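Please read the following walk through the structure alongside the sequence and the coordinates.

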Amino acid sequence: MTSTNKKSIVWLGVYGHPDDETSASAGTMVKLSDEGHQVFVITATGGELGTLGTDGTKIRREDLASVRESELRANMKAYGANPPFMLRYVDQELEKEDPEVLAIKILDIMHMVKPNVVSTFGPSGISNHPDHIAIHISTLIAYEKYTNPTSENAPLLIYPSIPEDIAKMYNLQLSPVEKNMDLIIDINETIGYKIEGLKNYKSQEDAQEFAAHLSEREGSHFESFAVSDSSPNDWESHPVVKYLRSL
Ligand SMILES: [Zn+2]
């Protein structure tokens with residue numbers, strides 16, 4: 001840890017499939033772990049319905065979840081993060097679960113790791129994927145159960161966000177909050193980890209496409225997040241906001 005008097009931050013990402021965490025926040029997670037902070041991720045499903053390999057490899061459908069889990073585990077290690085918490089739901093079946101039951105599983109992990117910041121999908125799940133929306137709903141329930149609104153130590157709840165013009169370019173139907181650029185993290189130093197992490201999801205075509213897009217992209221690299229309406233009202237003065245803005 002470079003600044004010894006700073007309290008250690010605990011980052012908890014809560015996502016639907018192996019690779020969501022990397023697309024949303026790999027650069028930020030590496031910056032945090034480099035500074036000695038704790039990084040955790042909850043992954044709800046095995047991504048069983050993803051593509052079956054790229055570049056000539058052919059994975060059997062029944063093997064895909066374990067392949068994607070090992071890709072996720074290798075990436076978390078490379079990022080200096082803790083091994084992932086796997087909730088072992090099946091891809092596209094998350095919305096069939098009672099949101100309260102899913103929330104309790106997330107809440108248990110919140111009690112275990114005691115996050116200062118929770119990052120999950122916003123209301124549209126970026127892509128409107130039903131698993132992403134289900135994880136948003138249940139993480140919000142878990143966060144509200146976990147958080148005492150009067151407590152000074154309430155964690156921050158954030159969603160990956162996309163600027164309005166880019167959302168339009170890719171025809172993403174985002175909710176208004178997911179266009180808010182409340183926290184913009186400069187990831188120029190850690191973009192290599194993000195690109196390698198995406199490439200390491202060798203089973204997944206869209207991860208390869210995103211890696212190629214980031215490699216070719218000119219200009220500076222950043223990850224952006226919106227602060228949830230459920231976060232404390234005075235979030236601007238939340239110590240994690242100040243710290244993330246200084247990263
Ligand atoms: Zn996903």
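In the loop between which two elements is N171 found? N171 is found in the loop between α5 (164–169) and β6, where helices (H or I, at least four residues) and strands (E, at least two) are DSSP runs, numbered from the N terminus. The model is a predicted one, in which local features need pLDDT of at least 70 and side-chain atom pairs count only at pLDDT 80 or more, while totals for chains, interfaces and linings use all residues. Residues are numbered from 1 along each chain as its sequence is written.

N171 has a positive phi of about 55 degrees although it is not a glycine, and it is exposed, with 6 other C-beta atoms within 10 Å. By the criterion used here, with C-beta atoms placed from the backbone, a residue is buried if 20 or more other C-beta atoms lie within 10 Å of its own, exposed if 12 or fewer, and partly exposed in between. D55, likewise not a glycine, has a positive phi of about 55 degrees; D55 is found in the loop between β2 and α2 (64–78) and is exposed, with 7 other C-beta atoms within 10 Å.

The sheet comes next. Seven strands form an open sheet of mixed pairing, in the order β3-β2-β1-β4-β5-β7-β6, two strands being paired if DSSP finds at least two bridges between them. The edge strands, each of which pairs on one side only, are β3 (85–89) and β6 (183–186). On average, neighbouring strands of this sheet are turned by 25 degrees against each other, direction ignored.

Helix α1 (residues 20–34) lies across β1 (10–15), β2, β4 (117–120), β5 (156–160), β6 and β7 (222–227), and runs at about 170 degrees to β1. Helix α3 (residues 99–113) lies across β1, β2 and β3, at about 165 degrees to β1. Axes here are lines fitted to C-alpha atoms, for helices over the stretch in contact, and angles run from 0 to 180 degrees between N-to-C directions; two residues are in contact if their C-beta atoms, placed from the backbone, lie within 7 Å.

α3 also packs against helix α4 (residues 130–146), at an angle of about 55 degrees and with their axes 8 Å apart. That angle makes α3 oblique to α4, given that angles under 35 degrees count as roughly parallel, over 145 as roughly antiparallel, 65 to 115 as roughly perpendicular and the rest as oblique. Among the residues that meet are L102, I106 and M110 in α3 and I137, I141 and Y146 in α4.

Helix α6 (residues 191–200) and helix α7 (residues 205–216) pack at an angle of about 150 degrees, with their axes 8 Å apart, and are therefore roughly antiparallel to each other. The contact is made by residues including I191, I195 and L198 of α6 and F210, A211 and L214 of α7.

In helix α8 (residues 239–246), V240, V241 and L244 are buried. These three cover an arc of only 100 degrees around the axis, which puts them on the same side of α8, the arc being that of the directions from the helix axis to the C-beta atoms. On the other side of α8, K242 and S246 are exposed. What covers the buried residues of α8 includes β4, β5 and β6.
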